[in-house]
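Welcome! Please take a moment to look at the sequence and turn the model around before reading on.

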Amino acid sequence: MNLLILGFSTRGLAECAALSRNAGYSITTLDYFGDMDQKRWGRSYSLRRDFLTSSFSPEIVIEALHKLEATGVSHEAVAYTSSVENHPEIIRHLAEHKKLLGNSAPTVMAARDFQRLHHLLQKVDINYPKTLHVWRGSPPPGDWLCKPHDSGGGNRIVRALPDIPVPDGYMLQEFCQATPASVSFVANGTDAVILGLSEQLCGLEKFAAKPFLYCGNIVPLTFSHCNSSSSVREQVLAKVRRMVNVITAKCGLIGVNGIDFLVTDEGNVLFLEVNPRYSSSMELYRKAYGLDIFGLHVEAFQNRLPNRHSLFEENPGYSGSCWGKTIVYAPWDLVTVDTNAWFDRGIRDIPQPGEEIPAETPLCTVFAKAKSRDGCLAALEKQQAWVLANVRRTG
C-alpha cells in the first residue's frame, strides 16, 4: 500500500510503520522538518525545504499535497500526526480524496472541545484544573496559565500576567503543582485498550526547553514521588481507564490516541487534553514493550483491538528497563558538522550536515534506557551532552 504520513513531525510514525509486522508499505512523509533520517523509511518531503515555507497552515499544506500529486507522488491511504488535529480543513481534504487512517474531522473537533469534555468528565468524577474557557480582559487573582484552545505540545502556553488581557482563542487554566503524564491507547470508536502510561518531560531547562514546552517522555510512569506507591498506582490506573473509556465512547475515537494529564502526590488525576492521533511517546512502547504501534493502529480501523491480557492494561507490574526520549533544543545558535554517525548512536530526527539551528528550536531527539527513571534521565543528559559536543556554536 502506498501510504502518506502527514504532520508537523512525522519521523516517529514513519519508523513505526516501516518496522510494523504488516511491513510492505511504500511510505511517503510530508512534514515541516524533513530530517536526514526520514529517508530511511521512504520518500521524504519538507515544507521548509521543498516548499520554502515556515507555515503549517491548511492552505499551505493542501497546496503542497496538490503539488506532490501533480509530480506523480501518489498514495492510497494517509495517516497524520501532530498539528493536523488543529486543522479540520486538512482532515476533510484528506478524507475526501484518500483512505483516512485517522480520526475524522467531527471526531477531532469533539476531542478538542474542552468545555464539553470537562462537563463529561465531571459526571464520572474525573477532575481537571479549574478552567475559565472564555475570559475577557485581565485574569482574575490566582496562579493561572494562558493556554490556547488549539494547544499542542505545550506550545504557546504562558503564565497569565495580572495586567495583560487574555488574547482571543485562549482560555485560563489554574496552574497545578503535579507530575505531567500521558496515556496511550488504541480504540475502535466505542471501546479502548490502554497501551501504556508515561511521564511527560515538559519545560526542562537542562534540555533548553521553554517553560511548559513538551520535551520528551519516560516509560513507564513511576510513582516514586507519591506518598503510598501501591495504593496510589491502583487509584491512578482506575481513573485513567475511566477517563479513556468515557472520552473514547463520547468522541468516537479510533486508532491510536493519547491523553495528557497530571498526577498529584495523593493520586488524583487531572485531565489536560486529548491528542486524537499518534503521539510522540508511542514509539517508546514499541521499544519497551515490543508493541507494533502502527499494526495496532491499522487493525483498529478493521474493528480489531488487541487482547487486554497481553498489554499494559492488565500487566501494570512491568519490571523491565525504563525507556526515555527527549527533544534536544538548541541552547544557542549553532550549526551541525557531520551528523552521519548519529543514527547508530540511537539519535533520531537528525539534521543535515552543515544545517543552521537557531537557539530554542529542535536540534534532534535522543533515546536512552536504564534500570530506573532517574537513571534514564541521567542517560538522556549524557546523550544530549554528546550531541552538543558535536556541533559548532555560532553567533
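Predicted model: local features only at pLDDT ≥ 70, side-chain atom pairs only at ≥ 80, totals over all residues.

Residues are numbered from 1 along each chain as its sequence is written, and side-chain values use heavy atoms, with hydrogens and water left out.

**The whole chain**

The protein chain has 10 helices and 19 strands. Along its principal axes, the C-alpha trace spans about 50 × 50 × 50 Å.

Buried residues make up 55% of the 395 residues. Here buried means under 20% relative accessible area, exposed means over 50%, and partly exposed lies in between (1.4 Å probe, protein chains only). Among contacts with a separation of 6 or more, 66% join residues 24 or more positions apart; a contact means heavy atoms within 4.5 Å.

**Strands and a helix**

Strand β10 (residues 179-188) is mostly covered, with 9 of its 10 residues buried. Two strands pair if DSSP finds at least two bridges between them. β10 pairs with strand β13 (residues 254-263) in the antiparallel sense over 10 bridges, and V183 has I259 as its bridge partner in β13. β10 also pairs with strand β11 (residues 192-202), again in the antiparallel sense, over 7 bridges, and V186 stands opposite V193 in β11. The hairpin of β10 and β11 has 3 residues between the strands, and G189 takes a positive phi near 105 degrees there.

Helix α8 (residues 282-289) is mostly covered too: 6 of its 8 residues are buried. Among them are M282, L284 and Y285. After α8 comes G290, with a positive phi near 75 degrees.

**Cysteines**

How many disulfides are there? The count comes to 0, where a disulfide is a pair of cysteine sulfur atoms within 2.5 Å.

| Cysteine | Nearest cysteine sulfur | Distance |
|---|---|---|
| C16 | C376 | 17 Å |
| C364 | C215 | 13 Å |

C16 is buried, with a relative accessible area of 1%, and C364 counts as buried at 2%.

**Two single residues**

L30 sits in strand β2 (residues 26-31). Is L30 buried or exposed? L30 is buried, because its relative accessible area is 0%. Leaving aside neighbours within four places in sequence, the contacts of L30 include L4, I5, Y45, F51 and L68.

T336 is found in strand β16 (residues 334-336) and counts as buried at 3% relative accessibility. The T336 side chain reaches the backbone oxygen of Q352 at 2.7 Å and the backbone nitrogen of G354 at 2.9 Å. Beyond its neighbours within four places in sequence, T336 is in contact with residues including P351, I357, L363 and V391.

Notes. Helix = DSSP H or I, 4+ residues; strand = E, 2+ residues; numbered from the N terminus. Polar contact = N/O pair within 3.5 Å; in protein donor to acceptor, adjacent residues only side chain to side chain.
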